[in-house]
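Me: I am new to this structure and would like to learn how to read it step by step. Could you take me through it, giving the general idea before each case?

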Amino acid sequence: MRKHISYLIYGCLALMGLLSSCGEDRSGEYYALISTKTWIYEVMQENYLFYEDIPAEDKLDFFKKPGEFLTSAVSSKDQKNGYVFSHVDSVFSRATSTYPCFGFEAALVRTENGTNALRVLYTQPDSPAEEVGLKRGDWIIAIDNQKVSTSNYTTYITHPTKAYSFTLGKYNPYPEDVDDPEFNYIEFDTLGVVQMPSPRYVEEKDVLKTGIISAGSRKAFYILYNEFDENTDMLQEVLTQMSGQQFDDIILDLRYNPGGYVSTSQIVSTALAPSTAMGQPFLHMIYNDKLNKTETLNFDASLLPGGSSLSYQNLYVVTSGNTASASEIVINCLKPYMEGRLFQVGTSTYGKNVAQQLFTSADSPGIELWLTTSYLSNSQGYYDYFQNGLSPDFEIEENYEEELGELGSTQDQLLQPILYKMANGSFPTTTEGNDETATTLSQSRTDRKIQVLVDPIAQKPHYNRIKPSK
């Protein structure tokens, strides 16, 4: 392989030499243009999980930027829904846990009447959004008197550069029992205008909310966990807090969690696993047949504050189509050890069953290559969830037409079937007579009249990152 790549390099240099034979020797400049890509190509040939799908070198453009080159070389098995798993980062511009923003997430939706509006999903603490009183469930119907669209969503929400005025509204679904064509229908009532201050750096909390929630005679510890961050200080604080409290069940809310670091998923899973699982296989990382190896991570109590897992009965994991990567590891790898005790509630997960390993080169000091190198299997050898994700035990989807309910409260749509089961011993069903709760919870996507145009969580990176051991 090195021989073939050398031919490619020499061929390019020879061509450039002919073009500049009457001038100064610039071969070093042209070598610099392709050296990082040749390194990426060599690393892929040896380590890439799907190495057999890499195009031949004469089919690739080695003069592309590193990220573009990698994208042109990856397999169709290494991407999903427009998102490529293998990726290149710059160590000089790597995203941190803070960024200039207003500090909230909101989905851009279109109503049945064709009107665009923003539905706030959550706000971050100590953010401009929190300061002006923006909260989950709010409707934003205009920004600086302009309607929000897919073309200006980034300007107003994702990467704002200045202060804006936000017009808040109240959504009025069209009454189904009205047949009068002259009915004066007003889709949104204007509630007022809030002045959003200039965007600033806001820390994104990986643990966004915790608390105790009760149903019937049972108590559950609720955790809204939005990222498997490399820094686990906040996670360790929460685990310490939990070890000092009494509760029957745990609700791990991963509906907005697109993933993170495999090492952090090991800590979370170890804390949630039964004591009998300690020292047993947590995760198998299965590499390509060239490397011909499988690495195993175990449930390791030494990773936890106090050195012991949590004591409780049932684990409820809240999921959505945005629950991905490291989030899916936790669910898949705990299942073999928690039969009859782990219940997934929500919709099927994203379906990312592979991990990206970090590669660096002294010749390309500014580049981090995160390459897909392994399948992620639980202790029973199961990792076949790429196509359909992990299916829930009780299916329910957030309905943006209705009140979303405060996260972690009894009004939270996705928690209602969990609270029902805690109080009654089983999930609600549509066969329980006139049970309005069961009917509402089972409402299907086809019954809904609001279309999601931009899902902010779906735009976040879906990471299963493996860093080399120190």
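Me: Which strands does helix α9 lie across, and at what angle does it run to β11?

Reply: Helices (H or I, at least four residues) and strands (E, at least two) are DSSP runs, numbered from the N terminus; contact means heavy atoms within 4.5 Å, and axes are lines fitted to C-alpha atoms, for helices over the stretch in contact, with angles from 0 to 180 degrees between N-to-C directions. In this predicted model, helix α9 (residues 416–424) lies across β11, β12, β13 (249–253), β17 (314–319), β18 (342–346) and β21, and its direction makes an angle of about 35° with β11.

Me: In what order do the six strands of the open sheet come, and which are the edge strands?

Reply: Strands of a sheet pair through backbone hydrogen bonds, either parallel or antiparallel. Two strands are taken to pair if DSSP finds at least two bridges between them. Here the six strands follow the order β11-β12-β13-β17-β18-β21 in an open sheet with mixed pairing, and the edges are β11 (207–215) and β21 (394–395), each of which pairs on one side only. Strand β11 is joined to β12 (residues 218–225) by eight bridges, and the two run antiparallel; A215 has R218 of β12 as its bridge partner.

Me: Where does S320 lie, and why does it count as buried?

Reply: Buried means under 20% relative accessible area, exposed over 50%, and partly exposed in between (1.4 Å probe, protein chains only). S320 sits in the loop between β17 and α8 (326–334), and it counts as buried because its relative accessibility is 15%. Leaving aside residues up to four places away in sequence, S320 touches R255, T347, S348, T349 and Y350. A polar atom of the S320 side chain lies 2.6 Å from the backbone oxygen of R255, while the S320 side chain also reaches the backbone nitrogen of N322 at 3.0 Å.

Me: How many residues of helix α7 are buried?

Reply: The same cut-off can be applied to a whole helix. Helix α7 (residues 262–272) is mostly covered, with 10 of its 11 residues buried, including V262, I267, V268 and L272. Across the chain of 470 residues, 52% count as buried, and the chain holds 10 helices and 23 strands.

Me: What should I keep in mind about numbering and confidence?

Reply: Residues are numbered from 1 along each chain as its sequence is written, and side-chain values use heavy atoms, with hydrogens and water left out. Because the model is predicted, local features need pLDDT of at least 70 and side-chain atom pairs count only at pLDDT 80 or more, whereas totals for chains, interfaces and linings use all residues.

Methods: A polar contact is a pair of N or O atoms within 3.5 Å; within protein, one must be able to donate a hydrogen and the other to accept it, and residues adjacent in sequence count only if both atoms are side-chain atoms.
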